[in-house]
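The following exercises concern one protein chain. Please work through each task before reading its solution.

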Amino acid sequence: MSLPASVSLPVPVHPPARARTAAPTPAQLLAFVRRTAADTVLVGSLPLDPQGRTWARLDGPAGSEVWLIGRPPGTGAGWHDHGGSHGAFATAAGALTEQSLAARLPTQGWKTLELTEGVDRERKLTPGQGRCFGEHHVHQVLNESQSTHAISVHAYYPPLPLMRRYSRTGGALRLEQVERPEEWQ
Ligand SMILES: [Fe+2]
């Protein structure tokens, strides 16, 4: 049935949902960080400091937050989550060890949590290898080499609203600090 010529259709106030930028999927973020990790000119432009981490913020796809991070030998940034953002990371140079928890933790309302046995996971990521992770992921990333710098690319969506930092003693995970974006910009 066709509409009579005199009827005016309502004009939508907002553009249709399909015209807005869609949130990037974990697979898209993983593809992006792996592509970026393979950009030898970009990766090689990051200044490296044997005394500490260095970083550069990059433009990510669909409004995601992306960092290129240089990690000196024998360093790690400690256990943390990503404040409810999902993301991906990939090794660009050197090798990384990721230790993570195969458990979904309650996000709030606790200070110390006793982890059940068998939740620890560990993986090695050499150049070109990466992984994506969900919004509840808790991990730490280490450069266990005693001689070689590691460089990695990390993407988060939405941009990190905060990061919770934890200490770990055996099976006990303890919330130590909540960091806000203004502390790492
Ligand atoms: Fe992380």
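**Exercise 1.** How many helices and how many strands are there in the protein chain?

*Solution.* The model is a predicted one. Its protein chain holds two helices and 13 strands. Of its 185 residues, 25% count as buried. Among contacts with a separation of 6 or more, 78% join residues 24 or more positions apart.

**Exercise 2.** Which residues does the UniProt annotation "binding site" cover, and why do they gather at one spot?

*Solution.* Step 1: the annotation, from an unreviewed entry, covers His80, His82 and His139. Step 2: these residues span 60 residues in sequence, yet no two of their C-alpha atoms are more than 9.4 Å apart, so they gather at one spot.

**Exercise 3.** Is His82 buried or exposed? Determine also the class of His80.

*Solution.* Step 1: a residue is buried if 20 or more other C-beta atoms lie within 10 Å of its own, and exposed if 12 or fewer do. Step 2: His82 has 23 other C-beta atoms within 10 Å and is therefore buried. Step 3: His80 has 18 within 10 Å, so His80 is partly exposed.

**Exercise 4.** Where is each of these two histidines found, and which residues does each contact beyond four places in sequence?

*Solution.* Step 1: His80 belongs to strand S4, residues 79–80, and touches Met163, Arg164, Arg165 and Tyr166. Step 2: His82 lies in the loop between S4 and strand S5 (86–93); its contacts are Gly87, His137, Tyr156, Leu160 and Met163.

Key:
Residues numbered from 1 in each chain as written. Predicted model: local features only at pLDDT ≥ 70, side-chain atom pairs only at ≥ 80, totals over all residues. UniProt positions renumbered as here; feature names shortened; annotations may be inferred. Helix = DSSP H or I, 4+ residues; strand = E, 2+ residues; numbered from the N terminus. Contact = placed C-beta atoms within 7 Å.
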